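Hi,

Here is the structure I said I would pass on. Have a look at it first, and then read my notes below.

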Amino acid sequence: MPILSSTYKAPFYLFNGHLQTIIPGLFRQVEGITYTRERLSTPDLDFIDVDWSQVGSDSLVILSHGLEGDSSRPYILGMVRAFNERGLDALAWNYRSCSGEPNKLLRSYHLGASDDLHFVIEHALNSGNYNTVHLIGFSAGGNITLKYLGEDPDQVPAEVKRAVVFSVPVDLKGSAQTISRVYTQRFLKTLGEKLEQKRQLYPDDVDLTDYSIFWSFPEFDNRYTAPLHGFKNADDYYERVSSKQFLKNIQQPTLLVNAKNDPFLNKGCYPVQEAKANPYFFFEMPDSGGHVGFAEDFMKDIYYSEARAVRFLLEEGRYCL
């Protein structure tokens, strides 16, 4: 039964889930990472921008960011640095519309865009430089990663060995209904700005009437995410892309770390039974950590998530089942 106990303890000055979420997100600074950007042309005539940090390794970590994030977020940069220091190359990919430039198509990204993750993995492997790939995902990127691993295990290349994900809303509907209006409005603001850019490209397909009165993700997903990406409505979107249903199929050792005090997650996002049923799927549930937080010493830039990912992916050989 791969339910793992956690050694994580939040620093005393970050004494609740909101502080553990907000302080690292707003104030963390990560130095020493210089990316090389590559633009990939997708089969549907769009593009995806990926950022490389290479140290000359034949092993690679591919990192997937959270909702409205990008490769420059401190949690991504910190993880890139942690693995570069251990001698691995890193590739942080930016979802469509998240690299600082609107993508070309009407579609953008969503929390089930595992086809784009597969495309990025295939591109990295086609370079011929890597015989080992590990996947790391945060929040939305964690859902994409888990869905990818479990929806069609036969499509996952043999080079993909392990994965670790943090703060993942594996039950999307429950999470969408749980997240507070304060956090939601922050996301809806940047999503609205991207929709305005999209409206200028596709004026007949994007209607922003009354957008300012939206206050929940179900409203947003019902009006925009679902129809723009081929879903019937928000419920259909949540049902089809929530990664919880795919956890039973994962065949690579995979660790999910969800803090009990994560303000973005509902009780459905703690898949204890799924971990008990699948020997390849490991679940860790620390008492604290917030959402994509996990600072151990904020002042010294020490983060549990980075040490935990290194340990699980590189050191815990007993998990190679």
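Let's start with a loop: Asp301 sits between β10 (295-297) and β11 (302-303). Asp301 has a positive phi of about 60°, although it is not a glycine. Most residues other than glycine have a negative phi. Leu45 is another non-glycine with a positive phi, about 70°, and its place is in the loop between β2 (36-41) and β3 (47-53). Leu45 is exposed, at 68% relative accessible area (buried is under 20%, exposed over 50%, partly exposed in between, with a 1.4 Å probe and protein chains only).

Some ground rules: this is a predicted model, where local features need pLDDT of at least 70 and side-chain atom pairs count only at pLDDT 80 or more, while totals for chains, interfaces and linings use all residues. Residues are numbered from 1 along each chain as its sequence is written, and side-chain values use heavy atoms, with hydrogens and water left out.

An unreviewed UniProt entry annotates residues 60-296 as "domain: AB hydrolase-1"; its positions are in the numbering used here, feature names are shortened, and such annotations may be inferred rather than shown by experiment. Over that stretch the chain is 38% helix and 14% strand, with the end C-alpha atoms 26 Å apart.

The largest pocket has a volume of about 870 Å³. Its lining takes in 37 residues, and Gly25, Leu67, Arg73, Arg186 and Phe187 lie nearest the centre. Two or more lining residues come from each of α1 (17-27), α2 (74-85), α6 (181-201) and α10 (304-315), and α6 gives the most, with seven. By class, the pocket lining has 17 nonpolar, 12 polar and eight charged residues.

There is also one cavity of 30 Å³ or more, and about 520 Å³ of space lies in the largest cavity. Of its 34 lining residues, Leu67, Leu111, Leu191, Phe217 and Asp221 are closest to the centre. Helices α5 (172-178), α6, α7 (217-228) and α8 (234-241) each supply at least two residues. That lining has 21 nonpolar, nine polar and four charged residues.

For the terms: on a 1 Å grid over the protein atoms alone, a cavity is a set of points where a 1.4 Å probe fits but cannot get out, a pocket is an open set with protein on both sides within 12 Å along at least five of seven lines, and lining residues have an atom within 4 Å of a point. Volume is the space filled by probe spheres set on the points, which are joined across faces, edges and corners. Ala, Val, Leu, Ile, Met, Phe, Trp, Tyr, Cys and Pro count as nonpolar, Asp, Glu, Lys and Arg as charged, and the others, Gly among them, as polar.

Finally, the rings: there are 21 aromatic pairs (Phe, Tyr or six-membered Trp rings with centres within 6.5 Å; planes under 30 degrees apart are stacked, over 60 edge-to-face, the rest tilted). Phe12 and Tyr13 are edge-to-face, because their planes are at 85°, with centres 5.3 Å apart. Ring pairs also link Tyr8, Tyr75, Phe138, Phe166, Phe294 and Tyr304 into a cluster.

Notes:
Helix = DSSP H or I, 4+ residues; strand = E, 2+ residues; numbered from the N terminus.
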